[in-house]
Amino acid sequence: MNSDEYFLREALVEARGAEAAGEVPVGAILVAPDGETILARANNRVLRTFDPTAHAEVVALRMGGKALGNYRLLGCTLYVTLEPCAMCAGAILHARLARLVYAAGDPKAGACGSVLGVLNHPQLNHRVEVTAGVLAEECGPMLSQFFRMRRS
Ligand SMILES: [Zn+2]
């Protein structure tokens, strides 16, 4: 198992935590520039905190900023089980992350190529290395099952 898979599995554990709390199951792990140290583990908590911005990514970036004592998370990598939305992609840019790794694409709201392309927009300065589709076969079904159950 390579390190991308390892950290995405950790993100998947977080996503299950969100699911157990009745939230849309999305988890995120923020890793330090050394590629080993986990700075933050977070999951989606919009319902629990009455906070529309409490997506897993934003929660992880906030924790990471506190851990590093800096609002710029230079050299860090964020692992997410689902393609980030426009808000989270914007937050990733503000944080100056080096890298984003996500599992499942989000054809409804994904802002890293699916619906919008917020990252690596030609007119924006900051570049983020994006790796998509890692563990998608595990993370994707988890989300579709969740929405199927919620509809029924
Ligand atoms: Zn988001």
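Strands β3 and β4 pair in the parallel sense, joined over five bridges. Within this pairing, Leu 82 has Ala 104 of β4 as its bridge partner. The model described here is predicted. Strand β4 is mostly covered, with six of its six residues buried.

These two strands belong to an open sheet of five strands. The strand order is β2-β1-β3-β4-β5, and the pairing is mixed. Strands of a sheet pair through backbone hydrogen bonds, either parallel or antiparallel. The edges are formed by β2 (38–43) and β5 (129–132), each of which pairs on one side only. On average, neighbouring strands are turned by 15° against each other, direction ignored. At one end of the order, β1 (residues 27–31) and β2 run antiparallel, joined by five bridges. Here Leu 30 stands opposite Ala 40 of β2.

Helices pack on this sheet. Helix α3 touches β1, β2 and β3, and its direction makes about 150° with that of β2. Helix α5 touches β3 and β4 (99–104). The direction of α5 makes about 60° with that of β4.

Helix α4 also takes part in the packing. Its buried residues are Cys 88, Ala 89, Gly 90, Ile 92 and Leu 93. The buried residues of α4 pack against α3, β3 and β4. Arg 96 follows α4 and has a positive phi, near 60°.

Helix α5 has a further partner in helix α1. Two packed helices are described by the angle between their axes and the distance between the axes. The axes of α1 (residues 3–20) and α5 (residues 136–151) come within 11 Å and cross at roughly 10°. Angles under 35 degrees count as roughly parallel, so α1 is roughly parallel to α5. On the α1 side, the contact involves Arg 9, Leu 12, Ala 15, Arg 16 and Glu 19. On the α5 side, Glu 138, Cys 139, Met 142 and Phe 146 take part. By class, this contact has five nonpolar residues, four charged residues and no polar ones.

Glu 138 shows one part of this contact in detail. This residue lies in helix α5. It touches Arg 9 and Leu 12, leaving aside residues up to four places away in sequence. Is Glu 138 buried, exposed or partly exposed? Its relative accessibility is 32%, so Glu 138 counts as partly exposed. Glu 138 and Thr 49 are 89 residues apart in sequence. In space, their C-alpha atoms are 27 Å apart.

The model also contains a zinc ion, coordinated by His 55 through ND1 and by Cys 85 and Cys 88 through SG. Along the chain, the donors follow the spacing H-x29-C-x2-C. His 55 and Cys 85 link distant parts of the chain, 30 residues apart. His 55 sits in the loop between α2 (46–49) and α3 (56–68). Cys 85 sits in the loop between β3 (77–82) and α4 (86–94).

His 55, at 25%, counts as partly exposed.

Two loop residues have a backbone angle worth noting. Most residues other than glycine have a negative phi, and most peptide bonds are trans. Phe 50 is not a glycine, yet its phi is positive, near 50°. Phe 50 is placed in the loop between α2 and α3. The loop between α2 and α3 also holds His 55. With a relative accessible area of 75%, Phe 50 is exposed. Asn 120 is likewise not a glycine, and its phi is positive, about 60°. This residue is placed in the loop between β4 and β5. Asn 120 has a relative accessible area of 30%, so it is partly exposed.

Definitions and conventions:
Residues numbered from 1 in each chain as written. Predicted model: local features only at pLDDT ≥ 70, side-chain atom pairs only at ≥ 80, totals over all residues. Heavy atoms only, no water. Axes fitted to C-alpha atoms, helices over the stretch in contact; angles between N-to-C directions. Helix = DSSP H or I, 4+ residues; strand = E, 2+ residues; numbered from the N terminus. Parallel < 35°, antiparallel > 145°, perpendicular 65-115°, else oblique. Contact = heavy atoms within 4.5 Å. Nonpolar A, V, L, I, M, F, W, Y, C, P; charged D, E, K, R; others polar. Donors = N, O, S within 2.8 Å, 3.2 Å for Na, K, Ca; no water. Buried < 20%, exposed > 50% of the residue type's maximum accessible area, 1.4 Å probe, protein only. Pairing = 2+ DSSP bridges.
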